[in-house]
Amino acid sequence: MKIKDLIVNFDHTKSLQKPYIIAEAGVNHEGSMDLAKRLIDEAKEGGAHAIKFQTYKASTIASKESPSYWDTSKESTESQFELFKKYDKFWKSEYEKLKLYCDKVDIEFMSTPFDVASANFLNDMMDVFKISSSDITNLPFIEHMASFGKPIILSTGASYLWEIQQALETIEKYNLPVCLMHCILNYPTLDENANLGMIKDLINRFPKTIPGYSDHTLPDKMEVLKVANLLGAVILEKHFTHDKSLPGNDHYHAMNKDDLTLFFDKMDTVYGYIGSDNKKPLRTEEISRQNARRSLVALKDIDQGEAIKMEHLTWKRPASGISPKEIQKVLGKTSKITIKEDSIIQWNMLD
């Protein structure tokens, strides 16, 4: 399923749905088209539904005095401008080529725009716009993207509820479906800071939106993403790399192909446990329905022609006779035969 179809046709009546996974490659291609294509290939092999890049120019995203907000022990660059300058080589023609390559290998192409120019040319390549947590208060930019009339995925990292509300009000003017992504804007996010309970808060406060989660925890056993989905987040996004050991601000907290495969194996197991959402007995339970449930049983001998009274009855296993729920229909009937103590009572014994 394409992400646009998922968002537009989202079924709010279902409490759980299998996740749609966005592999957030960001700028982990580091300006290499070959590496970008490798990331696409490995995201596809790992099972991701989409791969997402980031489109910006250092000169339009950050002033030269912008300080870092990441773990400088992992990425030592302390200027946002200088860091973004390292990775802003790709522009329209490169993303057009990556879009075609994604189409070829059958994975959905996405990229988060960080300025009006990139939003304008990405509009021809995407069915859905992703808005970064960093732009949740950039209402004119949000309005520009909403004006394209496409579904919006809005990350909510480091935001108050009223800031989310203002962003949604900006989008609502265009009557667009919105996926709200819970997010903690730390690189990396410690597991104990993931605060996945906020997913439920967003669902309760903004019930018309589609729940999602953008993750910055270390991949490890992929448990955080699993729990996020079980709490209702349907669209899951996590940074993606071909090599987690590489230096740089988005490699060390990213998942790789093997992590993706592990995650999908876990979710297959989990949804195997969840099974059907239509409550009914399984075929395997039929023997239990028959042998573990109870029937009305004679507590003592009942003579032929005797009226059945409560003092004649008890209930015992198995359920091969009259169910205890029918006891009021049994009381007052006459026994056709002599019913021995501990006999399971059948309708053909009664008159």
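Modeller: Let us start with His-12, which is partly exposed because its relative accessible area is 43%. By definition, buried means under 20% relative accessible area, exposed over 50%, and partly exposed in between, with a 1.4 Å probe and protein chains only. This is a predicted model, in which local features need pLDDT of at least 70 and side-chain atom pairs count only at pLDDT 80 or more, while totals for chains, interfaces and linings use all residues. Residues are numbered from 1 along each chain as its sequence is written, and side-chain values use heavy atoms, with hydrogens and water left out.

Biologist: Where is the place of His-12, and with which residues is His-12 in contact?

Modeller: Helices (H or I, at least four residues) and strands (E, at least two) are DSSP runs, numbered from the N terminus. His-12 lies in the loop between α1 (3-8) and β1. Contact means heavy atoms within 4.5 Å. Leaving aside neighbours within four places in sequence, His-12 contacts Pro-207, Lys-208, Thr-209 and Ile-210. The C-alpha atoms of His-12 and Lys-208 are separated by 8.0 Å, although these residues are 196 residues apart along the chain.

Biologist: Where is Tyr-69 found, and how is its accessibility classed?

Modeller: Tyr-69 is in the loop between α3 (58-61) and α4 (80-86). Its relative accessibility is 41%, so Tyr-69 counts as partly exposed. Apart from neighbours within four places in sequence, Tyr-69 is in contact with Gln-80 and Tyr-187. From Tyr-69 to Arg-293 there are 224 residues in sequence and 62 Å in space, C-alpha to C-alpha.

Biologist: Is Ser-118 buried or exposed, and what does Ser-118 touch?

Modeller: Ser-118 counts as buried because its relative accessibility is 0%. Its place is in helix α6 (residues 116-122). Not counting residues up to four places away in sequence, Ser-118 touches Thr-55, Trp-91 and Pro-113.

Biologist: How many disulfides does the structure hold?

Modeller: A disulfide is a pair of cysteine sulfur atoms within 2.5 Å. The structure holds zero disulfides. For Cys-102, the nearest cysteine sulfur is that of Cys-179, 20 Å away. For Cys-179, the nearest is that of Cys-183, 12 Å away. Cys-102 counts as buried because its relative accessibility is 0%, and Cys-179 is buried because its relative accessible area is 0%.

Biologist: How many residues has helix α2, and which residues in α2 are buried?

Modeller: The expected span of a helix is 1.5 Å times one less than its number of residues. Helix α2 (residues 33-46) has 14 residues and reaches 20 Å from its first C-alpha to its last, close to the 20 Å expected. In α2, the buried residues are Met-33, Leu-35, Ala-36, Leu-39, Ile-40, Glu-42, Ala-43 and Gly-46. Their cover includes β1 (20-26), β2 (50-55), α5 (92-105) and α11. Gly-47 follows α2 and has a positive phi, near 105 degrees.

Biologist: What describes two packed helices?

Modeller: The angle between their axes and the distance between the axes describe them. Axes are lines fitted to C-alpha atoms, for helices over the stretch in contact, and angles run from 0 to 180 degrees between N-to-C directions. The axes of α10 (residues 223-230) and α11 (residues 257-274) come within 10 Å and cross at roughly 35 degrees. The contact is made by Glu-223, Leu-225, Lys-226, Asn-229 and Leu-230 of α10 with Phe-263, Lys-266, Met-267, Val-270, Tyr-271 and Ile-274 of α11.
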